[in-house]
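Dear colleague,

Please find below the sequence and the structure that I am handing over to you. A summary of what was found follows them.

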Amino acid sequence: MAEMVFDLNEISLLRGNRTVIDNLSLHVPAGQVCALLGPNGAGKTTLLRLMAGLAKPACGQVVLGGDDVYALSAAERAKRIAYVPQHIPAGLPLTVTEFVLLGRMPHLGPFSQPRAADRAVLDEALARCELEQLAGKRLDSLSGGERQRAAIARALAQQAQVLLLDEPTNHLDLRQQFRLQRLLQTLAAAGHTVIEVLHDLTLAANHATWLALLDAGKLVGYGSPDKVLEPAALSRVYRWPLAVSQQVAGWQLSSAASTSML
Ligand SMILES: Nc1ncnc2c1ncn2[C@@H]1O[C@H](COP(=O)(O)OP(=O)(O)OP(=O)(O)O)[C@@H](O)[C@H]1O
């Protein structure tokens, strides 16, 4: 896979008269798992949608491998960028197989049927998300975590260079959270660029290679976990006293609030 760098250059976005992304620049090389962190309303989903080409900034550029993301056709974008939204529609009248096969659409011609190669990609995506036994079930009969895994499988079926995931561990049990993080690391090692929004700082610290910390639409921290996980800065951004420790088992982030604060 060719080296693909995701570059955001001085992008800003207004909602009404509020600046929700504020002159933000970010450079994510291929082969990284980058976790977007920050409190509620910091702008993480907005930023991910801008990266996916689903919204356009008022100014600035989003460049993938030298190409302006907004100049790509929708089909070309879908071949290069897969996006897992925060909320997965529950009412789609599709089986898991039909839903995951939607990920192959950018690769199929109009009115063409999936070929053996597409079926092989489907089977691999289902297996990676442990969905083989649920392949024939309808989406609206799945649990929240099963539906989340179906959305991830659909994104995998796109075989895009870049994977953008908005809170992908929502609804997932611990096994599935850790399996997903391992899978994302495997994809990054194979040359994909993975960017995920996470609220669990400990999970992010132990599985992402890069952390990007947002606060009020600004990038206030970016780099390896030992650079970004600075207790005073994190406590300021999250407006809560936080303790950070690095143990044999990995990073541990916890509340440092005294009981008198509660
Ligand atoms: N369509 C919209 N119209 C007006 N304001 C919006 C719109 N979408 C988002 N916002 C505002 O933009 C800000 C950033 O929202 P965003 O969803 O990106 O935050 P977030 O960091 O993903 O938050 P969370 O952790 O709660 O999911 C918020 O203050 C939100 O209220």
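Pro93 is located in the loop that runs between β6 (81–84) and α3 (96–101). Please note that this is a predicted model. Is Pro93 buried or exposed? Pro93 has 8 other C-beta atoms within 10 Å, and it is therefore exposed, since a residue with 12 or fewer such neighbours is placed in that class. Between Pro93 and Trp240 there are 43 Å in space, C-alpha to C-alpha, and 147 residues in sequence.

A second residue, Leu122, belongs to helix α4, which covers residues 116–128. Leu122 counts as buried because it has 22 C-beta neighbours inside 10 Å, where the cut-off is 20 or more. Leaving aside residues up to four places away in sequence, Leu122 touches Thr97, Val100, Leu101 and Ala157. Leu122 and Arg154 are 32 residues apart along the chain, and their C-alpha atoms are separated by 8.3 Å.

The ligand comes next. Which residues surround the ligand? They are Arg15, Gly16, Val20, Gly38, Asn40, Gly41, Ala42, Gly43, Lys44, Thr45 and Thr46. Sorted by class, this shell holds 7 polar, 2 nonpolar and 2 charged residues. Helix α1 (residues 44–52) supplies the largest share of the shell, with 3 residues.

Turning to the chain as a whole, it contains 9 helices and 12 strands. Of its 262 residues, 39% count as buried. Among contacts with a separation of 6 or more, 68% are between residues 24 or more positions apart. The C-alpha atoms fill a box of roughly 60 × 40 × 35 Å along the principal axes. The radius of gyration of the chain is 19 Å, which agrees with a compact globule, because a globule of 262 residues would have a value near 18 Å.

An unreviewed UniProt entry lists residues 6–241 as "domain: ABC transporter". Over residues 6–241, the chain is 36% helix and 25% strand, and the end C-alpha atoms lie 33 Å apart.

Finally, a word on confidence. The mean pLDDT of the chain is 93, and 97% of its residues reach 70 or more. The model scores pTM 0.95 and ipTM 0.97. Where pLDDT is low, the predicted coordinates should not be read in detail.

Yours sincerely

How values were computed:
Residues numbered from 1 in each chain as written. Predicted model: local features only at pLDDT ≥ 70, side-chain atom pairs only at ≥ 80, totals over all residues. pLDDT = per-residue confidence, 0-100. UniProt positions renumbered as here; feature names shortened; annotations may be inferred. Helix = DSSP H or I, 4+ residues; strand = E, 2+ residues; numbered from the N terminus. Near = placed C-beta within 6 Å. Nonpolar A, V, L, I, M, F, W, Y, C, P; charged D, E, K, R; others polar. Rg over C-alpha atoms; globule rule 2.2 N^0.38 Å. Contact = placed C-beta atoms within 7 Å.
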